[in-house]
Amino acid sequence: MERFLSKSIYIAILPVILFVLVGCASPEESRKKDEQQLPGGLLDDYTGMERSLLTKQVYFYVNPEIDSEKYTGIIIDPVLVFVHAGTYGEGINATAMHKLSYLYQKDVARSLDGIYTLESAPGPDILRLRTAFLNVRPTVEAETDGLQSLSGVSMEAEFVDSVTGERVGSVLHYRLGKGYEEIGTGTPANRSRKILKKWAGLIRASADLIFIK
């Protein structure tokens, strides 16, 4: 099995990652401000998470007790989707939502590939990436260009030991009920693709933090 690339690569990107983070208000406090946040998302512990300086409502965590050097590969799990309770699933096109989730997985794979070895089977030296889309809110259109059209969505993701399930690192982005105004103009499908690619970048940053700690 191919090892991850050398620590020198992580040292090279270390300045880029470090200026992203700053200790700040806890993500749990920010989460409570969102009255529409669905309970029972992916994460149940926000202790030690640090807020990003670059992107509002983005937080990272790295388990300081984990020896990251033992890991040699990453499995990318299918995305869990939590529809906002107020929608009752109305306006959700299952096929279009599945395609959106699949494209996210492809974006993440591209962001990790070449630095990290992508695997398909668990093992004691393998990490598992788990992601959940939270508070999924559709737009009036069920889908455009074959993709689910969304007025709002949040993301939580974690890297866990694929055997023990122990959390190694995590990242989250709470959009606090907002739609895609900050992502730019274009069709709902184009805006959806932009946020997915942005999240793929956050996943890569989270992985880098784990291996340069």
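## A first walk through the chain

Strands β7 and β8 pair in the antiparallel sense over six bridges; two strands count as paired if DSSP finds at least two bridges between them. Strands here are DSSP runs of E with at least two residues, helices are runs of H or I with at least four, and both are numbered from the N terminus. The model is predicted, so local features need pLDDT of at least 70 and side-chain atom pairs count only at pLDDT 80 or more, while totals for chains, interfaces and linings use all residues. Residues are numbered from 1 along each chain as its sequence is written, and side-chain values use heavy atoms, with hydrogens and water left out.

Let us stay with this pair of strands. Glu156 has Leu172 in β8 as its bridge partner. Five residues lie between the strands of the β7 and β8 hairpin, where Gly165 takes a positive phi near 80°. β7 is mostly covered, with 14 of its 15 residues buried; buried means under 20% relative accessible area, exposed over 50%, and partly exposed in between (1.4 Å probe, protein chains only).

Now for the whole chain. It holds four helices and eight strands, in the order α-β-α-β-β-β-β-α-β-β-β-α along the sequence. Of its 213 residues, 53% are buried. Among contacts between residues at least 6 apart in sequence, 77% join residues at least 24 apart, where contact means heavy atoms within 4.5 Å.

Next come the nonpolar cores, sets of buried Ala, Val, Leu, Ile, Met, Phe, Trp, Tyr and Cys residues joined through side-chain atoms within 4.5 Å. The largest has 39 residues, and Phe133 and Trp199 touch the most other members.

A second, separate core of 10 residues includes Leu42, Tyr46, Met49 and Tyr59. In soluble globular proteins, nonpolar side chains tend to be buried together.

Finally, look at helix α3. Its 19 residues should span 27 Å at 1.5 Å a residue, and the end C-alpha atoms are 27 Å apart, which agrees; the expected span is 1.5 Å times one less than the number of residues. Buried residues in α3 include Met97, Leu100, Tyr104 and Val108. Just after this helix, Gly114 takes a positive phi of about 100°.
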